[in-house]
Amino acid sequence: MSKTAIVIGAGITGLSSAIWLQRRGWQVELVDRVAPGDPAQASYGNAGLLARGSILANSEPGMLWKVPGMLLDADSPLFLRWRYLPRLLPWFMRFIHAGRAANFNATVARLDALVSDTIEQHLALAEGGPAARHIRLGEYSYLYRDRAAYAAEAAGTALKKQYGLKSYTLEGAALAEHMPGLGPRYGFMSVYPDYGWITDPGQYMRDLAEGFVARGGRLRLAEVRTITPGAPASIALADGTVLSAGRLVLCAGAHSQKLLNRQGPRLWLEAERGYHLFLRKPSFMPKNPMMVEDAKCVITPMAQGLRIAGIAEYARLDAPRGTAPLALLRKRIGQVFPGLQYESADEWMGQRPSTPDGLPYLGEDAKLPGIISAFGSQHIGLTIGPRLGRMVADIAEGARPNRDATPYRLNRHG
């Protein structure tokens with residue numbers, strides 16, 4: 001088989017796949033309807049975290065009893081367009097099943113295998129190019145109302161410690177000194193050293209793409225309409241152009257299942273919508289990213305301002321942007337930093353490709369010859385994109401990845 005590949009989707013996973021294939025000597029064409037770093041991509045609007053500690057899946061034991069209260073609470077970070085509920089229910093039942101204790105504990109290990117070396121993977125991906133300037137190393141904080149709220153998360157904290165994450169805590173005067181400007185609502189912080197983040201996710205993607213093209217890769221801005229498995233596999237574009245290659249790599253995020261159009265095994269993929277506010281010229285900046293635990297949003301200092309990202313909203317893939325999630329983010333940043341002022345706020349909404357068990361789809365399947373899939377990274381797409389891209393290159397080369405890809409197989413849900 002010729003060492004030619006077409007990568008569909010130019011977000012972080014697609015870019016990483018294209019770059020690692022290119023480094024292995026493949027001729028690669030990267031296809032997306034928008035350019036890398038465009039606001040239409042989920043990779044543009046994330047919190048920027050290289051989230052080494054994101055080993056706890058969204059579905060956890062007892063989640064079934066938590067969800068109704070969250071949906072009815074106006075201050076909850078969970079939103080649902082109620083007309084979408086019938087469509088969501090089959091996925092949601094699998095989501096609840098994934099949160100059973102035995103399933104949850106297995107998922108923790110499988111997530112750790114993907115996130116544990118995120119900083120090293122990003123440094124390797126960006127090495128020698130301008131993208132490396134956007135990688136920052138430092139601490140990551142979890143902000144709680146009080147010590148009791150922190151204690152309520154003891155099980156999750158213990159799991160993180162079990163998997164090698166170290167932390168220390170702050171409260172009272174020590175917290176006030178560590179985080180000037182913090183409002184009275186929050187009085188306790190857990191701090192994890194050895195984290196990383198991206199100071200400008202959009203420009204990071206553009207810089208990675210620039211390096212890929214400079215080394216001979218091709219970037220084609222076009223809409224993919226259909227995918228045809230085979231040897232070779234092929235794609236048809238909106239303008240009627242047909243392209244073929246020895247391998248297709250499908251990294252189209254929330255749109256991946258639609259492109260497959262019922263080809264291959266039954267997949268369970270939902271577009272979980274996330275939001276952010278980007279505050280330009282803030283009056284002050286925290287020195288490192290932080291998770292506001294009761295709000296489930298992340299505040300990240302970036303090159304051009306301060307980003308507040310979070311929210312989980314379930315709706316049709318093409319549903320319009322909501323106003324309530326953005327209003328909640330504005331409320332939360334005011335509670336965390338009551339004295340914060342800023343010149344303007346940009347608003348964003350994007351689609352996270354989410355699976356019931358919180359694990360991505362990765363690898364080949366007998367029903368999809370010639371296609372390697374790499375999508376479904378939910379909240380940790382930026383974190384694991386370079387790792388998935390390297391594993392894609394291993395799979396294409398017929399080499400065994402240094403992480404077992406079996407738990408992420410496409411047909412794992414039966």
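The dialogue below takes up the overall fold, the nonpolar cores, the salt bridges and a surface patch.

Tutor: Please note at the outset that this is a predicted model.

Student: How many helices and strands are there in the chain?

Tutor: The chain contains 13 helices and 19 strands.

Student: Which residues have the most contacts inside the largest nonpolar core?

Tutor: That core has 50 residues, and V7, L21, Y204, L208 and L362 have the most contacts inside it. Several elements give two or more residues to this core, among them β1, α1, α10 and α13. Helix α13 supplies the largest share, eight residues. As for Y204, its contacts beyond four places in sequence include I12, H122, L125 and I198.

Student: How should I read a salt bridge?

Tutor: Side chains of opposite charge can pair when their charged atoms come close. The structure holds 26 salt bridges. In one of them, K3 pairs with E397, with the closest N and O atoms 3.1 Å apart. K3 lies in the segment before β1 and E397 in helix α13, so this pair ties together parts that are 394 residues apart in sequence.

Student: Where do R133 and D207 lie?

Tutor: These two residues form a salt bridge whose closest N and O atoms are 2.9 Å apart. R133 is in the loop between α6 and β5, whereas D207 is in helix α10, 74 residues apart.

Student: Is D207 buried or exposed?

Tutor: D207 counts as buried because its relative accessibility is 4%, and the threshold for burial is under 20%.

Student: Which residues are linked in a network of salt bridges?

Tutor: E29, R218 and R220 are linked in this way.

Student: Which residues form a nonpolar patch on the surface?

Tutor: V213, L219 and L221 form such a patch, and together they have about 240 Å² of accessible area. V213 belongs to helix α10, and its relative accessible area of 40% makes this residue partly exposed.

Methods:
Residues are numbered from 1 along each chain as its sequence is written. This is a predicted model: local features need pLDDT of at least 70, side-chain atom pairs count only at pLDDT 80 or more; totals for chains, interfaces and linings use all residues. Side-chain values use heavy atoms; hydrogens and water are left out. Patches are made of residues with over 30% relative accessible area and no salt bridge: like charges are joined within 9 Å, nonpolar side chains (Val, Leu, Ile, Met, Phe, Trp, Tyr) within 5 Å. Accessible areas come from the Shrake-Rupley method with a 1.4 Å probe; for residues, only the protein chains shown count as cover. A salt bridge is a side-chain nitrogen of Lys or Arg within 4 Å of a carboxyl oxygen of Asp or Glu. Helices (H or I, at least four residues) and strands (E, at least two) are DSSP runs, numbered from the N terminus. Buried means under 20% relative accessible area, exposed over 50%, partly exposed in between (1.4 Å probe, protein chains only). A nonpolar core is a set of buried Ala, Val, Leu, Ile, Met, Phe, Trp, Tyr and Cys residues joined through side-chain atoms within 4.5 Å. Contact means heavy atoms within 4.5 Å.
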